[in-house]
Amino acid sequence: MADHLKQSAVVERAPVIEPGHSFATVTDKISSIVLTRPTTNGWIFGFAVSFLATMMMLFALGVLFLKGVGIWGINIPIGWGFAIVNFVWWIGIGHAGTLISAILLLLRQSWRNSINRFAEAMTLFAVACAGVFPGVHTGRPWLDYWMFPYPNTMNYWPQFRSPLIWDVFAVSTYFTVSLLFWFIGLIPDFGTLRDRAHNKYAQMIYGLLSMGWRGSARHWARYEMAYLLLAGLATPLVLSVHTVVSFDFAVGIVPGWHTTIFPPYFVAGAIYSGFAMVLMLAIPIRKIYNLEDFITDRHLQNSAKVMLATGWIVAYGYAIEAFTGWYGGNRYDAGLLYNRLHGPYAFWYYMLLLCNIGIPQLLWFRKMRTHPVFLFLISFVILVGMWLERFVIIVISLTRDFVPSSFGMYYPTKWDWMTYIGTIGMFLTAMFLFVRILPMISIFEIRQLLPEAKVEGKH
Amino acid sequence: MPTPTIYGTMAEFKSAQQLLVAAQATHDAGYQKIDAYSPFPIEEMAEAIGFHKNRVALITLLGAITGGCLGYLMQYYIAVISYPTNVGGRPYHSWPSFIIVTFEMTILFGAISAVVGMIALNGLPMPYHPVFNVPEFVRASKDRFFLIVFATDPKYDPQATRQFLEALQPESIAEVPS
């Protein structure tokens, strides 16, 4: 017993960065992954498979552009099928990146420094994948620019009382701010790569990207201020994005959509799935690139705890939805609850409860939180569960609305699946390129974590 | 033959602590046009070299306010003046519906102002800079710390400044050609 306690105390205090590192070793270790590590067969294989999946997506989209959205499984009454399910799923995944980079920065959680860079990259790529779906589901995607307010000869303007137009602003602002945040964070590291590259082209490209960063104290002071302000701006932004996404549903009157609990429960679900994706990326990356010194058990544990907490907020959301359906006295809400529990898609509702509430309870055990393989599998289950959640919300509500004569069923077609799997390929393609050409861990922020970075002024 | 002009004198230090002490000593000795270079941000350093005017926050605030006003006025113009549409009997100026786009535009303009303001005030992009002429400076992005006294400083004198910096026990001293 005493032995067990002692051991757990040691695990609890797993360091953010393993001891024995200096400024030079940190710099060498992270920059060498990009500059000197040879391109392995594993990387080429993984990239090739992801790229093929991306091509499959482009093929499916090409057919979609030729024939129209009729090739998908959508119909009347189910006008929102996979496109919106996948959009909400992807944009939710993006949320963990901003949470890690902005909110944890403001909360002074220094463990974020080792995972913020690739979490931000994940955000960007996930939002890009999300953007594919609303872009192509409009039926005439070549007219998508009509969604933006610009003076035109048709004398036409967007309608600002619609949540769908709020979504255009929220998602495009989110993408822009995430990109700025990511790029700003990369500038000093581009300077490091410029100074360490031996290849002339690499020197030129990293030199251009670094904009001539030289680490001046004046520059750092303005840089830190801008970084902090960006974090302060990104924090309410990330909470607003999924709130606005939930308004797409909550402002409508369809049973199961028209509830006030949607915003907080969507945001919690977004962070839940986002951390699952962070772990699914971090666990293989730290193994393959030997980065256990920087992405330690502490990071796995903390991410698992965030998942456990947000998972319970999501569970509360499910409980309140069911309670309202039973207690609220609205026959359509009651009918929706009945359909979830006994209707044609009931199996998927039970799978959702298993994936999002049942299995993640294993995270209460420290052994599970620190075991990379189990954590990887639990994260996968959560991602599946969060996808099912959006499927349940969108499809079950639409298949059974107010009048039995308008009831229907939804079956995705192969084109739906090809587009969905294709965006996963696109996401992984971007991730493979990212780990190969950019420093996946923020070098200068890791230097700040080292004990030798501490200074004492005499004033 | 014109003599090569000098940009400043630069001293190299091994640790952040040494650089901070040296920067404070140099500033206290009356040098005003100095700068310090480090591979990561050091909070106390800006004060040590006498840098106080950080206008990034002001620029961000102005950008955010501009964005918010523009966002709201745009919606007002569109929904009330240019293209009034009756949506479920709501008033044309249905301000609660306009809050979200106003908020997003505030954030967007604020964020862009913070980034552009920081880059512009820092005088970037500037791929070439005289300090890169010092061969040791390549380690400023890795594990070394540098202090420079610019030749434009009224107290600058190639000999005296060099002697002053040498007294701070740097790893090396170099004259920076411009």
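Good morning. I begin with strand S1 of chain B, residues 6-13, which is mostly covered, since 6 of its 8 residues are buried. A residue is called buried if 20 or more other C-beta atoms, placed from the backbone, lie within 10 Å of its own, exposed if 12 or fewer do, and partly exposed in between. Helices (H or I, at least four residues) and strands (E, at least two) are DSSP runs, numbered from the N terminus.

Please note that this is a predicted model, in which local features need pLDDT of at least 70 and side-chain atom pairs count only at pLDDT 80 or more, while totals for chains, interfaces and linings use all residues. Residues are numbered from 1 along each chain as its sequence is written, and chains are lettered from A and ligands numbered from 1 in the order in which they are written.

Which strands are joined to S1(B) by bridges? Strand S4 of chain B, residues 172-177, runs antiparallel to S1(B) and is joined to it by 6 bridges. Here Thr9(B) has Glu175(B) as its bridge partner. Strand S3 of chain B, residues 145-150, is also antiparallel to S1(B), again with 6 bridges. In this case Glu12(B) is partnered by Phe146(B). Two strands count as paired if DSSP finds at least two bridges between them.

Chain B is assigned domain 1 (6-53 + 129-177) and domain 2 (56-121), with bounds from an automatic or database domain assignment. The C-alpha centres of these domains of chain B are 44 Å apart.

I turn to chain A, which has 16 helices and 0 strands. Its radius of gyration is 23 Å, which agrees with the value near 23 Å for a compact globule of 459 residues. That radius is taken over C-alpha atoms, and the globule rule is 2.2 Å times the number of residues to the power 0.38. Of the 459 residues in chain A, 47% are buried.

Thank you.
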